[in-house]
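User: I would like to learn how to read aromatic ring pairs in a model. Please take me through them.

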Amino acid sequence: MVQIPNEPMPSPAPRAVPTSADVARLAGVSRATVSYVLNNTTAVRISEPTRRRVHEAAKELGYVPHAAARSLRAGHSRMVLMPAPNVPVGPLYSQFFNELQWALSRLDYTVVQYGGLVAHGDEAARAWAELRPVAVLVPVGGLGPQGVAVLKRSGARAVVTMGPEPVEGAHALLMDHAEVGRQAAEHLLARGRRRIGVVMPTEPGLEIFSAPRLRGVRSTLDGSGATVTELPMAYEEESATGLAARWRSLDLDAVFGFNDEYAMLLMGALQEAGVRVPEETAVVGADDLLLGRLLRPRLTTVHLELPSGRYLAELLDRAVREPGGLLEVQEKALDARIVHRESS
């Protein structure tokens, strides 16, 4: 018997990609109406029943508007690029990013958080420019004037930086973290504390926050007779336990824990070591996280007020709709205030 080798089964033909014409036929409307509805065009009034029919038809067919085609029609993309921070971020940043993403989506923008192992600054800006974003929001420093120019030449209508220093060509939201340290130091000084430790995280990248916060503490205590001791600590139980074990030899009566997470970690270790909080050592954090209110004693903290996601979304949208309307402006974007609780 002669065996016939098995022939591969023919693969099924790929399904045709649904188009806006398919959606229009199913919904019983024109292609223009489909475009107006799915692109959230406000210049043309479409009745609510018609909008529902278009959305239902698009859902039934699995139709999704083509972003590149929409960009060609508009003359620009609807992408807002936000470089992912190369430093550990906590709940406060996550809340800020989620609020911004929601607010921009309401204005029909797509937020792309750019990750990847690229250099900082102008080299990174060239990588961002390849995606042709209509706006770029840089939440942590590192972008220079040349990088701003590269982004604008590639079509970015707005470049917004959030950092301690302005950048030529960009709209600067100035965030001076020295104010966080000043608030903590003023509070501890007012509570009669004179031997103050400041936690300095050893994790790479966090010095962009910890250094100005330490500077704020030092400038506030200068001339007061109080002392400042830097306390390197990793965000690890072992590191906090080791610091707590030698706490009494440091002769400190207060500590600013950099933020709530480091402060809570150290406070737990101090209590385990038998150091009474706040009787022997007052503890202050920053960020005003919910968990700090649930501890005993409740954690004193520095509450940070960041720009709202809605404000930033409207700022970027205005720049996109009115090219040249977003001038090179510097505005303060970080407010801080102490929230006094039992730990101090």
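User: How is a pair of aromatic rings described?

Analyst: A pair of aromatic rings is described by the distance of the centres and the angle of the planes. The model here is predicted, and the count comes to two aromatic pairs. In one of them, the planes of tyrosine 235 and tyrosine 262 stand at 50 degrees with the ring centres 5.0 Å apart, so this pair is tilted.

User: Which parts does the pair of tyrosine 235 and tyrosine 262 tie together?

Analyst: Tyrosine 235 is in the loop between strand 7 (227–233) and helix 10 (237–245), while tyrosine 262 belongs to helix 12 (residues 260–272), so the pair ties together parts 27 residues apart in sequence.

User: Is tyrosine 262 buried or exposed?

Analyst: Tyrosine 262 is buried, at a relative accessible area of 5%. Tyrosine 235 is partly exposed, at 42%.

User: What kind of aromatic pair do phenylalanine 258 and tyrosine 262 form?

Analyst: An edge-to-face one: 85 degrees lie between the planes of phenylalanine 258 and tyrosine 262, and the distance is 5.5 Å centre to centre. Planes over 60 degrees apart count as edge-to-face. Phenylalanine 258 is buried, with a relative accessible area of 5%. Through ring pairs, Tyr235, Phe258 and Tyr262 are linked into a cluster.

User: Which arginine lies over the face of phenylalanine 258?

Analyst: Arginine 213 does, at 5.0 Å from the ring centre. Elsewhere, arginine 78 lies over the face of tyrosine 109, at 3.9 Å from the centre of that ring.

Key:
Residues numbered from 1 in each chain as written. Predicted model: local features only at pLDDT ≥ 70, side-chain atom pairs only at ≥ 80, totals over all residues. Heavy atoms only, no water. Phe/Tyr/Trp six-rings, centres within 6.5 Å; stacked < 30°, edge-to-face > 60°. Helix = DSSP H or I, 4+ residues; strand = E, 2+ residues; numbered from the N terminus. Buried < 20%, exposed > 50% of the residue type's maximum accessible area, 1.4 Å probe, protein only. Lys NZ or Arg CZ within 6 Å of the ring centre and 35° of its normal.
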